[in-house]
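Please work through each task before reading its solution.

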Amino acid sequence: MSTSPVVQSPLGIPKSRVRQLMAASIGNVVEWYDWYAYTFLATVFSAQIFPDSSGNSLVPLLSSFAVFAVGFFMRPLGGLLVGAFADRYGRKSAMTFTIILMGGGSLLLGLTPTYEAVGLLSPVILTLARLIQGLSVGGEFAAATTFLVESAPPRRRGLFSSFQYVSTTIGQLIASGLAAVLTSTLVKEDMSSYGWRIPFLVGALLSLVGLWIRKGADETSAVAEEIQRGEAKRPGMFEFLKLHPKSALTIVGITIAGTVAYYTWTSFLPTYAQITVSFDKAESLQVGTISLVFFMLLQPLLGLLSDKIGRKPMLIAFGLGFLILPVPLLGLLTDSFASLLVVQMIGMVFLGCFTSVSAAVNSELFPTRVRAAGAGFPYSLTVAIFGGTAPLIGTALQKAGNPEMFPWYMSALALISTLVYVFVLRETKDEPLR
C-alpha cells in the first residue's frame, strides 16, 4: 500500500503530492542538466563546429551568437509561449512539451556533424539546437513552478517552491560532474572528437525518464480543464499584462537583484576570483562544487521558514544582504581556498532567501487563468536582460581596469529590489491561490 500523502485536487482527482513533486523536480533536473552540459562543454567542441580556419565570415558570427546569446534570447519567448500554452491546455501538457523539446535539442546537439563534414550546416544545426533548449528552459520555469505551487498544501507552498532550485542545482552538479569525469578519463583528442557528445546523448535518454514520470502526474489547473470543455474562454497571449500589469512589473522588480546574485554566486564567482586575485582554477571549481551542494541543502529549510514567517521577510533579508555585503565580501577575496569558500557560502545563505521563495511569490501574484504566462514571461525576460549579462559585465569591468565596480553594480540592483520588497510587494503566504 502506498504511504504517499494523498489529497483531493481542485479537479476532484486523487493525487500524490510526492508524485507531483517528483514530476516537476526530476523533469527540471533533466532540463538544467542539458542546459549546463552545453555551458561546460562549449570550449571542447567549439573548434569542431566553429573552426577559425573555415574561411567563412558567418562562422565566427554564429559562434558568438550560439554560445553567448541564443539560449538567453529564447528564454523569455519560451516563458511567454509555453506559459500561455500551460494556461490554455494545462500544466502537465506544457511540462510534457518542454521535456520533449529539451530532449530533442540535446539529441540534436549530440549528433551535430562537424564543420569538416558538412560545412556551414554544422554551426546552423548547433544554433538551432540551442534555440530549442532556450525555448524549453524558459517554458519549463513557467509551467513547472506554477505546477509545483499549485500541487502544494496551503501552508507548504514555500517548501514546494524551494524544489525549483534544488532540482536546478542537482542538474548543474550532474552536468559538471560528468563533464569533469570525461575530461579526466579521456585523452584530449578523444574528448574533442567524440567524448563531448556523450553528455548530450545521456541527456536525451534522461529526458525519456523525465517524460515517463511526468506522464503519471495530475493536472493542477481547473481553469485549463474548463477551457478544454468549452466552459471558459481561452486567455489571450498578453491577458496577464493587460489585467495584471502591476503584478508583472512587481516580478521584474523582485527578480532584478535575485538573478544577478544567482548567476554571480553560483556560476561566475570562481571565474571572478581567478581574474581578480589569480585564484587557482582547479581549486575554484572545487569551492564552487562544495558551495552548490550547501546551497541545494539550504533550499527546503528556507522554503519551510518562509511558510512560517512569510515571503516578505525572506526577500527583505536577501535584499539587505546583497545591498550591504557584495563590496566587503568580494573585497575579502584572496588566493586562499578558505577565503573563496567563506565568501561563497555567506552569499549563498542570503541568496537562498530569494531562490527558495521565488516560485511561490511569482505564482501567488497571479490568478490560475494566467498564472503560468504571468509568472513565466516577466521572470524569464528579467533573467535574460540582467542574469545572462552578469558574467559579461563583470568580465568587461575587469578588462577596463575597474573590477571593484562589479559589487557596487550588484548592490545598486539590490537597492531597487529591496524597495520593491518593502513598499510594493504584499505578503501572500496565508492567502489562498487566486
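On a 1 Å grid over the protein atoms alone, a pocket is an open set of points with protein on both sides within 12 Å along at least five of seven lines, whereas a cavity is a set of points where a 1.4 Å probe fits but cannot get out. Lining residues have an atom within 4 Å of a point. Grid points are joined across faces, edges and corners, and a volume is the space filled by probe spheres set on the points.

The model is predicted: local features need pLDDT of at least 70 and side-chain atom pairs count only at pLDDT 80 or more, while totals for chains, interfaces and linings use all residues. Residues are numbered from 1 along each chain as its sequence is written, and side-chain values use heavy atoms, with hydrogens and water left out.

**Exercise 1. The second largest pocket**

Task: State the volume of the second largest pocket and describe its lining.

Solution. Step 1: the second largest pocket holds about 310 Å³ of space. Step 2: it is lined by 19 residues, and Ala152, Pro154, Arg157, Pro432 and Leu433 are the closest to its centre. Step 3: at least two lining residues come from each of α5 (121-151) and α9 (222-228); helices are DSSP runs (H or I, at least four residues), as are strands (E, at least two), numbered from the N terminus. Step 4: sorted by class, the lining has nine nonpolar, three polar and seven charged residues. Here Ala, Val, Leu, Ile, Met, Phe, Trp, Tyr, Cys and Pro count as nonpolar, Asp, Glu, Lys and Arg as charged, and the others, Gly among them, as polar.

**Exercise 2. The largest pocket**

Task: Find which element gives the largest share of the lining of the largest pocket.

Solution. Step 1: the volume of the largest pocket is about 1,600 Å³. Step 2: of its 39 lining residues, those closest to the centre are Thr39, Phe40, Thr43, Ser267 and Thr271. Step 3: two or more residues come from each of α1 (17-49), α2 (58-89), α6 (157-185), α11 (245-277), α12 (281-309) and α17 (390-399). Step 4: the largest share, nine residues, belongs to α1. Step 5: by class, this lining divides into 20 nonpolar, 17 polar and two charged residues.

**Exercise 3. The largest cavity**

Task: Determine how many cavities of 30 Å³ or more the structure has, and characterise the largest cavity.

Solution. Step 1: searching the whole structure gives four cavities of 30 Å³ or more. Step 2: the largest cavity has a volume of about 130 Å³. Step 3: among its 15 lining residues, Trp32, Arg75, Tyr165, Tyr262 and Tyr379 lie nearest the centre. Step 4: α5, α6, α11 and α16 each give two or more residues to this lining, and the largest share, five residues, comes from α11. Step 5: the lining has nine nonpolar, five polar and one charged residues.

**Exercise 4. Aromatic pairs**

Task: Classify the ring pair of Phe240 and Phe377 and that of Phe318 and Tyr421.

Solution. Step 1: rings of Phe, Tyr and Trp (its six-membered ring) pair if their centres lie within 6.5 Å; planes under 30 degrees apart count as stacked, over 60 as edge-to-face and the rest as tilted. Step 2: the structure holds 26 such pairs. Step 3: Phe240 and Phe377 have centres 6.2 Å apart and planes at 65 degrees, which is edge-to-face. Step 4: Phe240 is in helix α10 (residues 239-243) and Phe377 in helix α16 (residues 371-387), so their pair ties together parts that are 137 residues apart in sequence. Step 5: Phe240 and Phe377 are buried (under 20% relative accessible area; exposed is over 50%, partly exposed in between; 1.4 Å probe, protein chains only). Step 6: the pair of Phe318 and Tyr421 is tilted, with 6.4 Å between centres and 55 degrees between planes. Step 7: Phe318 belongs to helix α13 (residues 311-324) and Tyr421 to helix α18 (residues 405-423), so this pair ties together parts 103 residues apart in sequence. Step 8: Phe318 is buried because its relative accessibility is 0%, and Tyr421 is buried with a relative accessible area of 0%.

**Exercise 5. Charges over a ring**

Task: Which residues lie over the ring of Trp35?

Solution. Step 1: a charge sits over a ring if NZ of Lys or CZ of Arg is within 6 Å of the ring centre and within 35 degrees of the ring normal. Step 2: Arg75 lies over the face of Trp35 at 5.5 Å from the ring centre. Step 3: the charged end of Arg130 is over the ring of Trp35, 4.0 Å from its centre. Step 4: Trp35 also belongs to a cluster in which ring pairs link Trp32, Trp35, Tyr36, Phe40, Phe72, Tyr165, Tyr262, Tyr263 and Phe295.
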